[in-house]
Every structure is written in structure tokens, then in C-alpha cells.
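Hi,

Here is the structure I promised to pass on. My notes on it follow below.

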Amino acid sequence: MLSDLPGVGQNLQDQPIFRLSQRIDIPVRRQLLQRPEAVQQYLRNATGPFSSLNGLIAFEKVSPLAQRNFSQAALDSLRNLPADWPEVELMTSSSTAPDGSSPASFAAALAAPFSRGSVTITSSDISSPPVIDLGWYTDSAGADVQVAVTAFKRLREAIATIPNITTGPELSPGSSVQSDEDILRHIQNTTVSLHHAGATCAMGRRNDTRAVVDSKARVYGVDNLRVVDVSALPFVPPGHPQSTVYMLAEKIADDLLSGR
């Protein structure tokens, strides 16, 4: 062993995403992309459906009104976040069903989750798969659970404002799912990763037992080894981390070129 760093693989932070589905009565993205004018719109002035392939994305903070029934522990956790950090990301996507209808997915993700997981190994054999614990909804204050249930209700509130384009009953989980307990069960059974997991080789001070790399991404106790990806962040930012990782990579590249 070159360096005993207990923080390696710990502190895993991931943004869980969950959704509900509802049929809509308007053309969906796949249909719009098949229209000949869509390509021309994009080539002419970078507009139209090809200019936004990821649907609609929005970020928001949980409103004070929605926090009224939160536990004190959850409220304390939320107050520890920077004032301008959103806790929730809202997204839409759509598809075309075999019967020609257009089911849409309305999704919410925890942008600033408090829960932590880990990624570890059970063998020195490189062919053995790692053991990954995403740790969703496990923070001791229960903040992630309460924010998730609130975000799901927020999705339903949003859908209720567009009755002119929705058709038929809610497909999933269905109108019978109403209580917080049932909503949470649906969330836990259908959550997937937003693929933004990170912070398992966290940057930090040398005297922090959780730290793996220093401010120049150098692994403590190992010469000529740096970690320059989302795992080096001490926490995942409340949004898509791509630009943050670009910034980190540019900084470390400058350090290397400058001999630091």
C-alpha cells in the first residue's frame, strides 16, 4: 500500500431522479425532429427542435410554503446550503407509444442531495466488479426524502396547469397514489441515477481524513498521480457538473504546464 487514505471511494454523492408519466395531445420531440423543416431551421439560424435535444430543464428552491411540514432536522439541513442553491431540478421528456399516442415523462431530481454513498472493492482482482452503494434517501435528517416527496407533488401541480395539452388519466404512478407514504414508495421503487455521481476522491486539506487529493488534484502520499474528474470535487454542484469539471481540468492543466 502506497498511501492509506480512508476517504477513497467514500462520500459518494449522486443526484437521484424520479418521474411520472402522462399522455399529451401535442406533437412530441421525436415527431418534430422528423419534419423536414426542422433541419432547415437549425441550419439557417440554429433554432427549432434540433437546438434543444434535452427537452426542458428548470431549477428551483423548495418554497417556504412547501417546507411547512418539514421536520426541524430537514429544515436545518436546507439552511446549511448556500442561499442561491436550488434543491430541485425539473425536466420533461417524451416518446411515441405503439398506439401512436404521446406519453410524456415529467421528472424531478434532487439537485443538492444530502445523502452519501460509497464505492469499494472486495478483492484485489481487477476483474471483480466494485461494490457501489448510491446511498439515495439515507441522510439522517430525512431531508432528501422530504424534498423528493415535495418535488413529486410539484410535478403534479405543474401538470395541472396545462390541461389543454394533457389527455386521459395519469399513467404512472396513477391517481391512486396520493399519500406521502405511497408517493415515497413510488419514488424509491422508480428512482434512477442522473449520472452525476462524484466526490469519491474528494479534494481537501491534508489533515482532513476524508480528503484524497490536494488543491492541485495530487493524491496525498502518492507521487505523480492526480485525479482530475468529478470524483475530485468535495461535493457535486447543484446542477449538471460538466462545466465545473471543465473548469477543474483547465485549472489542473495550468498547474501542470506551470510546473506546480
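Which residues line the largest cavity? They are E87, L110, A111, A112, P113, F114, D144 and V147. The volume of the largest cavity is about 40 Å³. A cavity here is a set of points, on a 1 Å grid over the protein atoms alone, where a 1.4 Å probe fits but cannot get out; lining residues have an atom within 4 Å of a point. Points are joined across faces, edges and corners, and volume is the space filled by probe spheres set on them. By class, this lining has 6 nonpolar, no polar and 2 charged residues. (Ala, Val, Leu, Ile, Met, Phe, Trp, Tyr, Cys and Pro count as nonpolar, Asp, Glu, Lys and Arg as charged, the others, Gly among them, as polar.)

Before you go further: this is a predicted model, with local features needing pLDDT of at least 70 and side-chain atom pairs pLDDT 80 or more, while totals for chains, interfaces and linings use all residues. Numbering runs from 1 along each chain as its sequence is written, and side-chain values use heavy atoms, without hydrogens or water.

Next, the core. The largest nonpolar core has 31 residues. Such a core is a set of buried Ala, Val, Leu, Ile, Met, Phe, Trp, Tyr and Cys residues joined through side-chain atoms within 4.5 Å. F18, F70, V88, A108, V147 and I187 touch the most other members. α4 gives the largest share, 8 residues. (Helices are DSSP runs of H or I, at least four residues; strands are runs of E, at least two; both are numbered from the N terminus.) A second, separate core of 16 residues includes C201, A211, V212 and A232.

Now the second largest pocket. A pocket is an open set of points with protein on both sides within 12 Å along at least five of seven lines. Its volume is about 490 Å³. It is lined by 21 residues, and A66, F70, V149, T150 and K153 lie nearest its centre. α4 gives the most to this lining, with 8 residues.

Last, the structure holds 1 aromatic pair. Rings of Phe, Tyr and Trp (its six-membered ring) pair if their centres lie within 6.5 Å; planes under 30 degrees apart count as stacked, over 60 as edge-to-face, the rest as tilted. W85 and F235 have ring centres 5.7 Å apart and planes at 55°, so the pair is tilted. W85 is buried at 19% relative accessible area. F235 is partly exposed at 40%. (Buried means under 20%, exposed over 50%, partly exposed in between, with a 1.4 Å probe and protein chains only.)

Best wishes
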